[in-house]
Amino acid sequence: MKTSFFKIFALIAIVAFSSCKEKADEAETSAAEEAAVAEATAVIYKAVTDKSTIEWKGFKPTGSHNGTIAIANGAISVNDGNIESGKFVIDMASIAVTDIPVEDEGNASLKGHLTSADFFDVATYPQATFEVTGLKTINGQAVLSGNLTLKDATNNISFPVSTNMEGNTMILKSETFTIDRSKWNVKYGSKSFFDNLGDKFINDDIELTINLIAEKA
């Protein structure tokens, strides 16, 4: 009996540990920093907007939703293969939901909620921006830092990236990371702002994965 109990306990512990690891690590977040400035010798690569995207995933007690957000425009400056500066504009009105069929009423309902004043308030803040502040190598991994402005707040975030040069094309992909939306005053259903939500809350963590294709200007 005791052996069976310990086996069950061990199984629960393994499942719980696995669940904790389902979400990506939160990006290191701090106060906004001065934007990076590229050398005059840097080569500029402009974002190919129809091939670049940001994938998102949000969580609630009963499940999750995911989708994409478009990069409206942007450019990155590269010197000897290293990113020196860059700025990107994110089209918040382009938020799309991909886990619910487009023809389903729930798709339009969720998109409408995300773009409403409850969430990202796209009518007031139609764009978000990301401006590079630096690139470091930490334990052999390139880590990109930049000021993310979302709604009325700006914070500096750092997350691992990989880059690949193919002729006149630069491919940048981030590891999946999370941001805490409460730090950008996205309040709806957040335990950081409201009490007594019960199981009606929405997690503050939003997972993001950046896929950038840029071509030499």
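1. Lys46 has Ala75 in strand 4 as its bridge partner. The two strands behind this, strand 2 (residues 43–47) and strand 4 (residues 63–79), pair in the antiparallel sense over four bridges. Pairing here asks for at least two DSSP bridges between two strands. Strands are DSSP runs of E with at least two residues, helices are runs of H or I with at least four, and numbering starts at the N terminus.

2. A word on where this comes from: the model is predicted, local features need pLDDT of at least 70, side-chain atom pairs count only at pLDDT 80 or more, and totals for chains, interfaces and linings use all residues. Residues are numbered from 1 along each chain as its sequence is written, and side-chain values use heavy atoms, with hydrogens and water left out.

3. Two residues separate strand 3 from strand 4 in a hairpin.

4. On to strand 5 (residues 82–97), which pairs with strand 4 in the antiparallel sense over 11 bridges. Ala75 turns up again, standing opposite Lys87 in strand 5. This hairpin also has two residues between its strands, and Asp80 in the turn has a positive phi of about 55°.

5. Now the rings. The structure holds four aromatic pairs (Phe, Tyr or Trp ring centres within 6.5 Å, using the six-membered ring of Trp; planes under 30 degrees apart are stacked, over 60 edge-to-face, the rest tilted). One of them is Phe119 with Tyr188, tilted at 5.9 Å centre to centre and 45° between the planes. These two residues are 69 apart in the chain: Phe119 is in the loop between helix 2 (105–115) and strand 6 (127–138), Tyr188 in the loop between strand 10 (177–180) and strand 11 (205–216).

6. Is Phe119 buried or exposed? Its relative accessibility is 6%, so Phe119 counts as buried, while Tyr188, at 35%, counts as partly exposed. The cut-offs are under 20% relative accessible area for buried, over 50% for exposed and partly exposed in between, with a 1.4 Å probe and protein chains only.

7. Phe130 and Phe159 are another tilted pair, because their centres lie 5.8 Å apart with planes at 45°. Phe130 belongs to strand 6 and Phe159 to strand 8 (residues 153–166), so this pair ties together parts 29 residues apart in sequence. Both residues are buried.
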